[in-house]
Amino acid sequence: MEPDDEGREMDTGEAGAISFSCARCEARLTAPAAKGGKQGRCRHCGTIQIIPDPAAGYALAESPLMPPVVAPSPVIPLEPARRTWRGSSAWGVVSSWLHASARERTALEGESVALILLSLADLMVTYHLLRSGPGFYESNPIAQFFFARWNIAGMAVFKFSVVGFVVVVGEVVERSRPGLGRFVVLVGCIASGAVVCYGLKLALGAIVD
């Protein structure tokens with residue numbers, strides 16, 4: 001092997017020579033000690049590189065471009081967070097469902113409006129009958145309790161609370177089982193319509209008598 005400043009090829013296995021590794025392919029190479037510090041070409045990959053100088057030692061040529069070793073940072077254990085109901089998975093499911101439901105359009109708009117109007121008619125007919133004389137009374141004991149305590153305002157709160165509950169139940173059921181929620185609200189409409197018809201019959205009978 002005759003490495004020189006023009007970058008001639010470096011041979012391997014020559015006795016009494018400098019032994020080092022190629023900076024690119026890491027092949028084991030040898031060169032005469034007198035050629036230390038000059039350029040030579042690796043016969044394996046053709047890379048031109050500086051032959052290590054024996055006076056400077058061989059450590060730099062043995063492991064070129066080695067990345068620095070970084071000590072791992074210590075891991076600090078964290079205290080477990082206190083689990084609350086708002087942080088639980090159940091609350092996340094309920095919260096996401098509520099936000100998604102609020103963005104959706106109501107599925108029972110017409111049925112809900114019809115139930116509200118029929119309930120309003122029922123309230124007006126009932127109030128008219130109760131004011132007509134002592135011969136009429138509220139057959140529903142819960143509604144009668146509200147009427148006795150807070151007059152027509154208490155009865156209105158009771159009746160429309162029931163209407164709101166039926167509408168909410170119908171909406172929830174309709175989004176999970178289409179058709180069933182509409183059936184629930186329609187049953188409420190039929191019941192309210194029947195009560196209105198019966199009240200109108202009683203009111204007309206009282207007028208005739």
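Helices here are DSSP runs of H or I with at least four residues, numbered from the N terminus. The model is predicted: local features need pLDDT of at least 70, side-chain atom pairs count only at pLDDT 80 or more, and totals for chains, interfaces and linings use all residues. Residues are numbered from 1 along each chain as its sequence is written, and side-chain values use heavy atoms, without hydrogens and water.

**Stop one: a loop**

Select Thr106. This residue lies in the loop between α2 (89–103) and α3. Thr106 is partly exposed, at 35% relative accessibility (buried is under 20% relative accessible area, exposed over 50%, partly exposed in between, with a 1.4 Å probe and protein chains only). Thr106 is in contact with both, leaving aside neighbours within four places in sequence (contact means heavy atoms within 4.5 Å). Thr106 and Arg175 are 69 residues apart in sequence, yet their C-alpha atoms are 9.5 Å apart.

**Stop two: helix α5**

Select residues 180–208, helix α5, and find Leu202 there. Is Leu202 buried, partly exposed or exposed? Leu202 is partly exposed, with a relative accessible area of 29%. Show Leu129 and Phe136: Leu202 touches both, not counting residues up to four places away in sequence. From Leu202 to Phe136 the C-alpha distance is 9.0 Å, across 66 residues of chain.

**Stop three: an aromatic cluster**

Show Phe145, Phe146, Trp150 and Phe158. Ring pairs link these four into a cluster (rings of Phe, Tyr and Trp, the last by its six-membered ring, pair if their centres lie within 6.5 Å; planes under 30 degrees apart are stacked, over 60 edge-to-face, the rest tilted). The count comes to four aromatic pairs. Take Phe145 and Phe146: their ring centres are 5.7 Å apart and their planes at 85°, so the pair is edge-to-face. Phe146 is partly exposed, at 24%. Phe146 and Trp150 have centres 5.6 Å apart and planes at 40°, so this pair is tilted. Why are Phe146 and Trp150 separated by about one helical turn? Because they are four residues apart in helix α4.

How values were computed: Helices (H or I, at least four residues) and strands (E, at least two) are DSSP runs, numbered from the N terminus.
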